[in-house]
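My entries cover the pockets, the cavity and their linings.

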Amino acid sequence: MLLFGASPARAEVPSIEAKSFDHYTLALTWHPGFCASRSRPPRECRDPGLRRGTEEGFVLHGLWPSLPQRLRERGVERRRWWRQGCFIERPRPDGGFCRHPSLELSDELARELDGVMPGRASCLGRYQYAKHAACLDVTAEDLFDTSVALVEAVNASAFTDFLVIHRGGEVRRNALIEAFEAAFGKGTGRALRLECAGRGNRLLTEVRIGIAARSLESFPAADSLVRLDRGDCATRVRIAAFD
């Protein structure tokens, strides 16, 4: 299942060499839910061209490496790494996401990334790279080439089909976990974290998937997935759709 402007799904996920960290968190946004949760929606929520096709699958928020060993050895705690990331070593510039350096991407990859990351209109890609990868000797080309392939793999799955079928309605939280396990294997639900917003945390905004750093190439095989902490969604979850 492709999004607006996306290329056909790839045969395999490119590999990024693990830079002494354990796993990645693949953060995928359910765009209608994200937009509905914002009191001041960004451009990618207001512009019909950027919204087009985004309720046919997930869009990319980011691909986040876990705490690097060298920072762990310096006494940096996991919570601080998730909060600050590379800004621990490279202070974040004042201002919005567009204050971060432009991404050095090939023309082909830039087009593909535009197709799965509408937040690029607000410079989300720049911020994601600066926070999560710039200090890890991972190039923007490698990070986002892999990210695009991972998004396409998830959007080609029965898990995404389940959300698309139920968009505009409400489902049990456990039904989402069951759909994930039906798509990726028994017991894989522990690798899924559900993020919700709104009153009672009932509006699905994002899913996060734990992937072993040394198993990216085998994603979405069950043995490539690793446990994440449980999310904050209520027992019943609304799957938003655009009007």
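I worked on a 1 Å grid over the protein atoms alone: a pocket is an open set of points with protein on both sides within 12 Å along at least five of seven lines, a cavity is a set where a 1.4 Å probe fits but cannot get out, and lining residues have an atom within 4 Å of a point. I joined grid points across faces, edges and corners, and took a volume as the space filled by probe spheres set on the points.

The model is predicted; local features need pLDDT of at least 70, side-chain atom pairs count only at pLDDT 80 or more, and totals for chains, interfaces and linings use all residues. Residues are numbered from 1 along each chain as its sequence is written, and side-chain values use heavy atoms, without hydrogens and water.

Second largest pocket. I find a volume of about 190 Å³. Its lining has 14 residues, with Arg90, Pro101, Tyr129, Ala130 and Ala134 closest to the centre. α7 gives the most to this lining, 3 residues; helices (H or I, at least four residues) and strands (E, at least two) are DSSP runs, numbered from the N terminus.

Largest pocket. I note a volume of about 940 Å³. Of its 36 lining residues, His61, Trp64, Glu195, Glu206 and Arg208 are closest to the centre. Here too α7 gives the most, with 5 residues.

Cavity. I count 1 cavity of 30 Å³ or more. Trp64 is also in the lining of the largest cavity, as are Gly62, Leu63, Gln128, His132, Leu143, Phe144 and Ser147. β2 (59-65), α7 (124-132) and α8 (140-155) each supply at least two residues of that lining.
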